[in-house]
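Here is a short briefing to read alongside the model. Please keep the structure open as you go.

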Amino acid sequence: MQYEAIRGGERLDYVFQHYVVPVRNAVAPLVHGLVDHGRVRPFPLDVMVYAVIAMTSVNAEVPLVSMLGDTYAADPSGFAGMLSDILLDGLVIHPEG
């Protein structure tokens, strides 16, 4: 998907319509409910979806990620977990106290 996202065109349209849109449509009401209940920040859904897509693209960017440091090589799932923490901590509204 990352390769197609760079190029654009019919293949990206197909992947987007058949894989991204159904997930986005299923998740959107859940996210809106969390926003309405004050559990997550009201970022636009497209920003949230892109953040998740960008975060999960790390497996396709191993050469770049490996050049940045040794964390990925030492623990690939831990690396992904840290990215998830960054994303979720940026979205979640933590109760005070």
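In which hand does H3 pass H6 at their crossing? The crossing of H3 with H6 is right-handed, a term for the near helix being turned clockwise from the far one by less than a right angle, with anticlockwise giving left-handed. This is a predicted model, in which local features need pLDDT of at least 70 and side-chain atom pairs count only at pLDDT 80 or more, while totals for chains, interfaces and linings use all residues. Residues are numbered from 1 along each chain as its sequence is written, and side-chain values use heavy atoms, leaving out hydrogens and water.

**H3 against H6**

- Helix H3 covers residues 45-56 and helix H6 covers residues 76-91; their axes come within 10 Å and cross at roughly 165 degrees.
- That angle makes H3 roughly antiparallel to H6.
- Helices here are DSSP runs of H or I with at least four residues, numbered from the N terminus.
- Axes are lines fitted to C-alpha atoms, for helices over the stretch in contact, and angles run from 0 to 180 degrees between N-to-C directions.
- Angles under 35 degrees count as roughly parallel, over 145 as roughly antiparallel, 65 to 115 as roughly perpendicular and the rest as oblique.
- On the H3 side, Met 48, Ala 51, Val 52 and Met 55 meet Leu 83, Ser 84, Leu 87 and Leu 91 of H6, where contact means heavy atoms within 4.5 Å.
- By class, the contact of H3 with H6 holds seven nonpolar residues, one polar and no charged.
- In this scheme Ala, Val, Leu, Ile, Met, Phe, Trp, Tyr, Cys and Pro count as nonpolar, Asp, Glu, Lys and Arg as charged, and the others, Gly among them, as polar.

**H2 against H3**

- The axes of H2 and H3 come within 11 Å, crossing at roughly 120 degrees.
- With that angle, H2 is oblique to H3.
- H2 passes H3 in a right-handed crossing.
- Val 20, Arg 24, Ala 28 and Val 31 of H2 make the contact with Leu 45, Met 48 and Val 49 of H3.
- Six nonpolar residues, no polar and one charged make up the contact of H2 with H3.

**Residues in H2**

- Leu 34 sits in helix H2, which spans residues 10-36.
- Leu 34 is partly exposed because its relative accessible area is 38%; buried means under 20%, exposed over 50% and partly exposed in between, using a 1.4 Å probe and protein chains only.
- Beyond its neighbours within four places in sequence, Leu 34 is in contact with Arg 39 and Val 40.
- Leu 34 and Val 92 lie 58 residues apart in sequence and 9.2 Å apart in space, C-alpha to C-alpha.
- Tyr 19 also belongs to helix H2, and its relative accessible area of 54% makes it exposed.
- From Tyr 19 to Pro 29 there are ten residues in sequence and 17 Å in space, C-alpha to C-alpha.

**Glu 4 in H1**

- Glu 4 has its place in helix H1, residues 2-7, and counts as buried at 7% relative accessibility.
- The side chain of Glu 4 makes a polar contact with that of Arg 11 at 2.8 Å.
- A polar contact is a pair of N or O atoms within 3.5 Å; within protein, one must be able to donate a hydrogen and the other to accept it, and residues adjacent in sequence count only if both atoms are side-chain atoms.
- Setting aside neighbours within four places in sequence, Glu 4 is in contact with Arg 11 and Leu 12.

Key: Helix = DSSP H or I, 4+ residues; strand = E, 2+ residues; numbered from the N terminus.
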